[in-house]
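Here is a brief report on selected backbone and strand features. Please have the sequence and the model open as you read.

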Amino acid sequence: MNKVAIIGIGHVGSTVAYTLVSRRICSELVLFDQKPKLAEAERNDLEAGQVDHTGFVKITANDESQLATCDLVIFSAGDISILEHSADRFDELTYTKTAVAQWAPKLKAANFKGILLNITNPCDVITQYLQALTGFPKERVLGTGTTLDTARMQVAVGHYLNVAPNSVHGYVLGEHGKSQFVAWSGVHVGGQPLATQLSPEQLAQFEVDARQGAWEILSGKGYTSYGIANQAAHCAAAILQNTRQVLPVSNFDDTVQCYVGHPAMVGAAGVLQDYPSQLTTAEQQKWQTSIDTIKHMYAAI
């Protein structure tokens with residue numbers, strides 16, 4: 001029996017909820033939103049959407065007493081309208097930091113003992129702020145990090161090579177934002193390093209595709225939902241099912257002293273092991289630039 005709470009039931013939170021329910025990743029789901037009627041409406045809709053599926057997920061809404069017994073809390077509070085006039089996730093911080101300040105004390109007061117997974121942007125900064133305000137052990141607080149950016153890179157390369165995206169192995173590292181980068185030295189398909197098969201110009205275009213994917217979706221439909229919901233559900237499954245999968249989540253790097261997207265083993269206790277990436281000199285410079293960017297944003301809180 002696994003109980004999950006989702007805080008923030010907008011486009012992302014509601015899609016995450018549907019994904020968790022449709023894949024039966026949890027047995028109980030608790031929904032919270034600043035608009036209680038919205039959370040209740042989503043509860044009703046999700047319950048009706050389960051009919052004729054195998055099994056049934058128990059869903060409740062707006063009951064903060066449930067937090068104490070949750071195995072996982074997914075934080076997805078945000079306001080996507082902020083990005084209608086901006087292409088920088090940093091601009092969301094003014095709003096999202098207030099959501100953290102509202103909910104962190106509630107999680108502490110509830111004596112929540114589970115894992116806290118953050119989606120809210122700027123992802124690395126908000127993940128670190130959640131950890132700081134809750135005081136939870138760092139391994140119990142993580143963010144979706146560059147899991148979605150990595151997926152977009154895999155799609156771009158997969159399309160070009162006409163292979164399944166899952167056959168593309170490697171990571172986008174750093175900030176979930178403009179300073180992210182693909183560690184091409186570690187990307188391979190069929191055991192063959194991609195950097196030796198394609199030109200620097202081709203690799204650079206894949207990197208642009210991965211970085212700009214969100215903004216193309218945002219300009220077309222006004223928000224993103226399916227991609228990030230898939231990655232959040234993937235992280236949730238790793239935690240709730242203790243799969244010990246290595247994912248490029250936003251987790252605390254002791255060496256640089258901040259949360260940043262890079263590979264870590266994820267399981268029932270959260271981050272089980274950190275995997276520092278072996279980078280070229282050029283990639284190390286990009287890594288440092290991304291670290292500096294995250295720290296600069298965090299200093300603005």
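## The E15–E16 hairpin

How many residues lie between E15 and E16 in the hairpin they form? There are two. This is a predicted model.

Strand E15 covers residues 264-267, and strand E16 covers residues 270-274. The two run antiparallel and are joined by four bridges. Gly267 stands opposite Gly270 in E16.

## E15 and its other partner

E15 also pairs with E12, in the antiparallel sense, over three bridges. Here Val266 of E15 is the bridge partner of Gln245.

In a regular strand, side chains alternate between the two faces of the sheet. Both faces of E15 are covered. Ala264 and Val266 are buried on one side. Met265 and Gly267 are buried on the other.

Asn242 is not a glycine, yet its phi is positive, near 50°. Arg244 is not a glycine either, and its phi is about 60°.

## A cis peptide bond

Which residues does the cis peptide bond join? Asn121 and Pro122, with omega about -10°. Pro122 sits in the loop between strand E5 (115-118) and helix H4 (123-134).

How values were computed. Residues are numbered from 1 along each chain as its sequence is written. This is a predicted model: local features need pLDDT of at least 70, side-chain atom pairs count only at pLDDT 80 or more; totals for chains, interfaces and linings use all residues. Side-chain values use heavy atoms; hydrogens and water are left out. Buried means under 20% relative accessible area, exposed over 50%, partly exposed in between (1.4 Å probe, protein chains only). Two strands pair if DSSP finds at least two bridges between them.
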